[in-house]
Amino acid sequence: MKEFFVYLYAALLGGFGYCTLEIIYRGRTHYSMFFAGAIVLSSFYYISKFTGLTFWQKCIIGALIITAIELILGIWFNIILNENVWDYSNTPFNFMGQICLPFSLIWLLISGAVFKIMEKVSLL
């Protein structure tokens, strides 16, 4: 039961954290970003707690997770529901306007910061 609450805490922290980053960066957010952040930080917790990966392996997998979540939610909210939450169409190396290489590299750096913070605050 304790593990459930740790995942719940990670999900809530990730959801609110992701929305906060969006507001700081873009001046607005969308409720879908809460779900993205919740999935991402819960995944990061699992990776940190239950795998023996090196720091850089965690960062690469973290960036891939964020990029995948962004693609899935982008297809759902931007293309299927036509909510236009974000559009990377004008960004180099984009795929369907939903993900792009420059932001995947930013996710790599953010993943590293998050994994380091998780170590320091003993979320693990």
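Author: Helices are DSSP runs of H or I with at least four residues, numbered from the N terminus. The model is predicted, so local features need pLDDT of at least 70 and side-chain atom pairs count only at pLDDT 80 or more, while totals for chains, interfaces and linings use all residues. Residues are numbered from 1 along each chain as its sequence is written, and side-chain values use heavy atoms, with hydrogens and water left out.

Reader: Which helices supply at least two residues each of the lining of the largest pocket?

Author: They are H1, helix H2 (31-50), H3 and helix H4 (101-120). H1 gives the most, with 9 residues. The lining has 28 residues, and Gly-17, Tyr-18, Leu-21, Ile-110 and Val-114 lie nearest the centre of the pocket.

Reader: Why is Ala-63 called buried?

Author: Buried means under 20% relative accessible area, exposed over 50%, and partly exposed in between (1.4 Å probe, protein chains only). Ala-63 has 7%, and is therefore buried. Ala-63 is placed in helix H3 (residues 55-80).

Reader: What is Ala-63 in contact with, leaving aside its neighbours within four places in sequence?

Author: Contact means heavy atoms within 4.5 Å. On that basis Ala-63 is in contact with Ser-104, Trp-107, Leu-108 and Ser-111. The C-alpha atoms of Ala-63 and Ile-110 are separated by 8.1 Å, although these residues are 47 apart along the chain.

Definitions and conventions:
1 Å grid on protein atoms, 1.4 Å probe; cavity = no way out; pocket = protein on both sides within 12 Å on 5 of 7 lines; lining within 4 Å.
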